[in-house]
Amino acid sequence: MASTPLNALISPSSQVPTLVQQTPKFRGGFEVDDDGDDQQAGADDAPEDDVYAPATNGAVASAGHEFLDRTPQTPTQANGTTHAPAQNFDSPAIAPSSIASNLPAQAFASSLSAQPKSRLSHDVIGILEDRVKDDPRGDIDAWLELIQEYKNRHKEDDTRKTYERYLAIFPLAADQWAAWLRWEEQHDRKVWMERILARCLTSVPDVDLINIYINY
């Protein structure tokens, strides 16, 4: 009987399978198992962007995501606003004199002149003049005291000027026209009496003024 070849005696199913060394697959930098899915194989073979690749030249790391700057920022820098540092006026480096020096000279001088002037207690005329200046129509007592003060000091010109100022504001004050006439009559200054009578006798109808004129 003819001999049968050895390889013919071995059935195909009994043959030792040949070991095939498969190359591991990597996806996204990690090794993944081969699931044998042919439909996913085509998708897996498509190149993917490495999400962990560093961005260069300020480019974004992945589409739709901006590159984040992790540099520590203050709250004002994070909001996009920057405020000037507040000045500490209690510091000796910033004194009130330095603030005043920044003002225009004219404005600074006017602010000083606007401040009330302090007068000494014995400066009676100066105090009365300030009262008259502050309230020329309301402070009648200051006017009368000022006129009397000039009379007591025998300042004739200042007395007449004060009468003129007062009667310019109150031209119908018959009592002060009469007081001025009697003061001039007391010192026998008839020339001044004639001038005063010519100004008030026709414009201020008053019995006292008419009596002074008749006696004159």
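Which residues does arginine 160 touch, not counting those up to four places away in sequence? The list is Trp180, Trp183, Glu184, Arg189 and Trp192, where touching means a contact, with heavy atoms within 4.5 Å.

## Ground rules

This is a predicted model, in which local features need pLDDT of at least 70 and side-chain atom pairs count only at pLDDT 80 or more, while totals for chains, interfaces and linings use all residues. Residues are numbered from 1 along each chain as its sequence is written, and side-chain values use heavy atoms, with hydrogens and water left out.

## The chain as a whole

From the N terminus the order is α-β-β-α-α-α-α-α-α-α-α-α-α.

Of the 216 residues, 16% count as buried, that is, under 20% relative accessible area, with exposed meaning over 50% and partly exposed in between (1.4 Å probe, protein chains only). The chain exposes about 17,500 Å², and carbon and sulfur atoms supply 54% of it; the areas come from the Shrake-Rupley method with a 1.4 Å probe. Among contacts between residues at least 6 apart in sequence, 33% join residues at least 24 apart.

The pLDDT, the predictor's confidence in each residue from 0 to 100, averages 72 over the chain, and 46% of the residues score at least 70. Confidence is lowest in helix H2 (residues 38-45), at a mean of 48, and highest in H8, at 97. Over residues 49-67 the pLDDT is below 50, and this stretch has seven contacts in the model beyond near neighbours in sequence. Residues 91-95 also stay under 50, with three contacts beyond four places in sequence. Where pLDDT is low, the predicted coordinates should not be read in detail.

## Arginines and a tryptophan ring

Back to arginine 160: this residue lies in helix H8 and is buried, with a relative accessible area of 7%. Arginine 160 lies over the face of tryptophan 192, at 4.1 Å from the ring centre. The charged end of arginine 195 sits over the ring of tryptophan 192 too, 4.8 Å from its centre. A charge sits over a ring if NZ of Lys or CZ of Arg is within 6 Å of the ring centre and within 35 degrees of the ring normal.

## Aromatic pairs

Rings of Phe, Tyr and Trp (its six-membered ring) pair if their centres lie within 6.5 Å; planes under 30 degrees apart count as stacked, over 60 as edge-to-face and the rest as tilted. By this rule there are four aromatic pairs. Tyrosine 163 and tryptophan 180 are stacked, at 5.2 Å centre to centre and 5° between the planes. Tyrosine 163 belongs to helix H8 (residues 156-169) and tryptophan 180 to helix H9, so the pair ties together parts that are 17 residues apart in sequence. Both residues are buried.

The rings of tyrosine 166 and phenylalanine 170 have centres 5.0 Å apart and planes at 40°, so this pair is tilted. Tyrosine 166 counts as buried at 5% relative accessibility, and ring pairs link Trp143, Tyr166 and Phe170 into a cluster.

In helix H10 (residues 190-200), Met193, Ile196, Leu197 and Cys200 are buried. They cover an arc of only 100° around the axis, which puts them on the same side of H10; the arc is that of the directions from the helix axis to the C-beta atoms. On the other side of H10, Val191 and Ala198 are exposed. Cover for the buried residues of H10 includes helix H9 (174-186) and helix H11 (207-215).

Key: Helix = DSSP H or I, 4+ residues; strand = E, 2+ residues; numbered from the N terminus.
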